[in-house]
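Here's a quick briefing to read with the model open beside you. It starts with the chain as a whole, then turns to one pair of helices and to confidence.

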Amino acid sequence: MTISVRRTAAVAAVAALSAALAACGGGAGTPEAGGQARLGASAAPSAPASASPSTAGAATPAPSPPGSASATPQAGAPGKAPTMAPGPGGLTPVFDRAKQQTDKTVALTFDADMTSDQGPRAAGGEHFDNPQLISTLRGLKVPATVFMTGRWAEEYPGQAKSIGTDPNFEIANHSYSHHAFKSPCYGLPTLDEAAARADVDRAFEAFHKAGAVNTVPYFRFPGGCYDDQALRAISTAKVTAVQWDVVSGDAFAKDPDAVAEQVLAGVKPGSVVVMHCTRSAAPVTEEAVRKIVPELRKRGYRFVKVSDLIGK
């Protein structure tokens, strides 16, 4: 009976994680109330009243890190990448596609997912990293934004530092724990408001400890799940929440051609594509990227980081 209960619990935990990772790249985390942060007028006087739904608020420089004497980013601290002005009532702004939608640019983003309780699985040989993917991006000279959890950075500090000191990449915040910031969210444990804010800080601290320098003040909600309460909880972090408009479907996919076809069918000028940098959960991503990149270049697209899109 005990073995049966444990097995059932383990299966349930894996199913919950699978659903959350799929949601992270499945678009199923579209907010109900959270859209107000995109639709409302910016609180900043310089923001245009006609801001589009996906880019409410003008891009503004991020504040200097506490104690920073210059514009040079300090290791692990949000740098001088452009951010969006707060939404109504000071809510964290949300970005999912570039306002300038005629320039054939596209941002490939990769979620480096690892939850706070997956250490034993990593110790047992499960690979939450994907160094071959990073190597391929370098070889193809593709800039990219990696949304990293703090727990991932702790598990793979050498890789976090390598990614975070390469000018071709930027590291954005995907929380420390990969727990939910709103409930329900695909079975993930839910953080309360104070814990949610602390979770963001703890991830930045993990990047700092790993020696990452190219960090940006962007945040992606685990599972893509958020609402106004979640946006309010992290508003003092002064980050821009980044979603996506193209779902790769790479989470737990086995066919790289299908992943590539889904991306190629969805990309438009200014798109943000969500993919994963986690071998165990997204084993065919690297192969799919090798198909996606040359085809999009053939179509006239140029690859950029999220900071380049927000800065337009």
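**The chain at a glance**

Of the 312 residues in the chain, 55% are buried. Keep in mind that this is a predicted model. The chain has eleven helices and eleven strands. Among contacts with a separation of 6 or more, 80% join residues 24 or more positions apart.

**How α4 and α10 pack**

- Two packed helices are described by the angle between their axes and the distance between the axes.
- For helix α4 (residues 131–139) and helix α10 (residues 285–298), the axes come within 9 Å and cross at roughly 15 degrees.
- Angles under 35 degrees count as roughly parallel, so α4 is roughly parallel to α10.
- As for handedness, α4 and α10 make a right-handed crossing.
- On the α4 side, the contact is made by Gln132, Leu133, Thr136 and Leu137, which meet Thr285, Glu286, Val289 and Arg290 of α10.
- Sorted by type, the residues of this α4–α10 contact come out as three nonpolar, three polar and two charged.

- Mean pLDDT for the chain is 82, with 75% of its residues at 70 or more.
- Residues 1–16 stay under 50 in pLDDT, and the model gives them two contacts beyond four places in sequence.
- Residues 27–77 also have pLDDT below 50, yet this stretch has 112 contacts in the model beyond near neighbours in sequence.
- Where pLDDT is low, the predicted coordinates should not be read in detail.

How values were computed
Residues numbered from 1 in each chain as written. Predicted model: local features only at pLDDT ≥ 70, side-chain atom pairs only at ≥ 80, totals over all residues. Heavy atoms only, no water. Axes fitted to C-alpha atoms, helices over the stretch in contact; angles between N-to-C directions. Helix = DSSP H or I, 4+ residues; strand = E, 2+ residues; numbered from the N terminus. Parallel < 35°, antiparallel > 145°, perpendicular 65-115°, else oblique. Left-handed = near helix turned anticlockwise from the far one by under 90°. Contact = heavy atoms within 4.5 Å. Nonpolar A, V, L, I, M, F, W, Y, C, P; charged D, E, K, R; others polar. pLDDT = per-residue confidence, 0-100. Buried < 20%, exposed > 50% of the residue type's maximum accessible area, 1.4 Å probe, protein only.
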